[in-house]
Amino acid sequence: MRVKLLRVFYAAFGVLLLVLLAACCAAWTNNAAAALGVAAVLAGALWALLRRFGLAIDRLPPRRFRALYGGLAAAYFVFLLVLGQGLAYVLVGDLGVIYESLPELLANGRFTAYNDYYVACTNNLGLALLLGGFYAVASLFGAAPGAAAGVYAGIAFNCAAVAAALALLGYALWLLVRRQSAALLFLACGAALAPLWLWTPYFYSDTLCLPFLALAFAAWARWRWRGGAGWAALCGAAIFAGGAVKGSVLVLLVAAVLGFVFAAGAAPRRARCRAAAALLLCFALLQGGYTLFQRQFIDWTNRESAAFPTELWLCYGSHDNGDYSQADVDACRALPTVDARRAMLRARIAENYAARSPAGNAVFFLRKAVRTWGDGLYGAEEYAATPLKASWTAAFAVPGQRWHMPLVYYAQSWQYLLLGLAAAGELLCARRAEQRLFLPYVGLFGVMLFLSFWETKARYGLHFAPVLLLCAAGTLALLTEPGKETTGPEEAIVSRR
């Protein structure tokens, strides 16, 4: 039964990804055929490179490979650091408010003037605490928030987070397929992703959640290889931390539980149950403690007037193009209590979906998915258009400049490449009943399902772009395997229990 369910999931999601890719190409206002052609050439080139040099890289002594891998990760960090310092955007939107609130947090240990912002946007408290911890150290070196070096210190922190996340995800792929060449391919392709270049200067939750998301994947992959409830607990802790920074990371909680149940290789049922229990227990303890902390840390006196229920973001996502709606916000503010707003929003959501037929809702969800996953830059242009200072990076980062459209085509080609390889990998996994890439695929499916109902923005898919790359690189690794593994994670788990 487990194998049949795996095959059905892979096949169904593979077809959905192909439909999404076709819809993204049809909706793009530029020359999608050219970008798709470049994507096909890139796919062939990557396959050929892995086929030609993969075996030699796999045979490198571990120490030499670690030096090569670490050197590439370090070089990528330096590249991001140089690029990020030049790109430096004006901090607008929620990050601008959070950054302005940090001096208050560092001085008083809590918020007063900015308290009501965190009543309304409690989801950003985790990010504020993470940045507060960083700036508590950075302030010792003259890089306090508000100082001239403050923004640049935040950019450096973001660069380190992105580079570390990609290195950790590459390690997770090595654990899953046991190929050094696959990990190196992932890291090299990750370094080539343009959206991560342009988003690096904006140290918001979309990128700062990445190390925790990557740690969750690495811990699950390590459990498949080594066993032990401790790795499952670490996976739960990483999902909690990532969810505290970026709420949509929490879809990995369900994905990881399913991963232990359906994709644990040949692990005995008792070991799978222990792992799932350790994951859930660790997550529940941390989340429960964090919830209690929020109740004490934030002053909830103005909750009824300032707070918005979660249903507001679901209401945004239920009509028009799924984006922010001032009319929904005004309707909330016209009501005196949170419960009244929640009831009103639920009625609106039900009415919006009922107004469309099932086929109409399917088209609506597809249109939202195209807005999220059809933009190769994941909405970075919105922020790149407000540079902090004049810089050489404006030539490609700012819309209308000389090299901007080549960058757009480059990024779009990579996005089509990743979607196409991920779809091909799903169909390949369905044929083989492959278990090793289950968590990346089910996690990607989970966030796509979540964003079908949530508010729609291109940047909301950014934190899962490396996971999409993980699926794509995993596909190439499976397609170029020298032979069926004989001592893979499934057998290793059994031998160590």
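Me: Let's start with the second largest pocket. What volume does the second largest pocket have?
Reply: About 420 Å³ of space lies in that pocket. Keep in mind that the model is predicted.

Me: How many residues line it, and which lie nearest its centre?
Reply: The lining of the second largest pocket has 18 residues. Nearest the centre lie Leu16, Phe365, Leu366, Ala369 and Ser452.

Me: Which helices supply at least two residues of that lining?
Reply: Helix 1 (2-27), helix 19 (358-373) and helix 23 (438-453) each do.

Me: And which helix gives the most?
Reply: Helix 19 does, with 7 residues in the lining of the second largest pocket.

Me: How do the lining residues divide into nonpolar, polar and charged?
Reply: For the second largest pocket, 15 are nonpolar, 2 are polar and 1 is charged.

Me: OK, now cavities. How many of 30 Å³ or more are there?
Reply: The count comes to 3 cavities of that volume. The largest cavity has a volume of about 50 Å³.

Me: Which residues line the largest cavity?
Reply: Gly86, Leu87, Tyr89, Ala384, Pro387, Lys389, Ser391, Thr393, Ala394, Ala397 and Val398. Helix 3 (62-87) and helix 21 (394-397) are the elements that give two or more residues to this lining.

Me: What about the classes in that lining?
Reply: The lining of the largest cavity has 7 nonpolar residues, 3 polar and 1 charged.

Me: Changing topic. How many aromatic pairs does the structure hold?
Reply: It holds 37 aromatic pairs. One of them is Phe9 with Tyr10, whose ring centres are 5.7 Å apart.

Me: Why is the Phe9 and Tyr10 pair called tilted?
Reply: Their planes are at 50 degrees, so the pair is tilted. An angle under 30 degrees would count as stacked and one over 60 as edge-to-face.

Me: Are Phe9 and Tyr10 buried or exposed?
Reply: Phe9 is buried, with a relative accessible area of 17%. Tyr10 is buried too, at 0% relative accessibility. The cut-off for buried is under 20%.

Me: Which kind of pair do Trp223 and Phe260 form?
Reply: Trp223 and Phe260 form an edge-to-face pair, with 90 degrees between the planes and 4.9 Å centre to centre.

Me: Where do those two lie?
Reply: Trp223 is in helix 11 (residues 210-226) and Phe260 is in helix 13 (residues 251-262), so the pair ties together parts that are 37 residues apart in sequence. Trp223 counts as buried at 1% relative accessibility. Phe260 is also buried, with a relative accessible area of 0%.

Me: Which residues form an aromatic cluster?
Reply: Phe111, Tyr117, Tyr118, Phe240, Tyr290, Phe293 and Phe297 form one aromatic cluster.

Me: Where does the charged end of Arg178 sit?
Reply: It sits over the ring of Trp174, 4.0 Å from the ring's centre. Arg178 also lies over the face of Trp225, at 3.7 Å from that ring centre.

Me: Last topic, salt bridges. How many are there in the whole structure?
Reply: A search finds 14 salt bridges. Among them is Arg303 with Glu304, where the closest N and O atoms are 3.3 Å apart.

Me: What about Glu481 and Arg432?
Reply: They form a salt bridge, with the closest N and O atoms 3.4 Å apart. This pair links distant parts of the chain, 49 residues apart. Glu481 is in the loop between helix 24 (465-479) and helix 25 (489-495), while Arg432 is in helix 22 (residues 404-432). Glu481 counts as buried at 17% relative accessibility, whereas Arg432 is partly exposed at 36%.

Me: And which residue does Arg436 meet in a salt bridge?
Reply: Arg436 meets Glu481, at 3.0 Å from N to O. Arg436 lies in the loop between helix 22 and helix 23 and Glu481 in the loop between helix 24 and helix 25, so the pair ties together parts that are 45 residues apart in sequence. Both Arg436 and Glu481 are buried.

Note on methods. Residues numbered from 1 in each chain as written. Predicted model: local features only at pLDDT ≥ 70, side-chain atom pairs only at ≥ 80, totals over all residues. Heavy atoms only, no water. 1 Å grid on protein atoms, 1.4 Å probe; cavity = no way out; pocket = protein on both sides within 12 Å on 5 of 7 lines; lining within 4 Å. Points joined across faces, edges and corners; volume = space filled by probe spheres on them. Helix = DSSP H or I, 4+ residues; strand = E, 2+ residues; numbered from the N terminus. Nonpolar A, V, L, I, M, F, W, Y, C, P; charged D, E, K, R; others polar. Phe/Tyr/Trp six-rings, centres within 6.5 Å; stacked < 30°, edge-to-face > 60°. Buried < 20%, exposed > 50% of the residue type's maximum accessible area, 1.4 Å probe, protein only. Lys NZ or Arg CZ within 6 Å of the ring centre and 35° of its normal. Salt bridge = Lys/Arg side-chain N within 4 Å of Asp/Glu carboxyl O.
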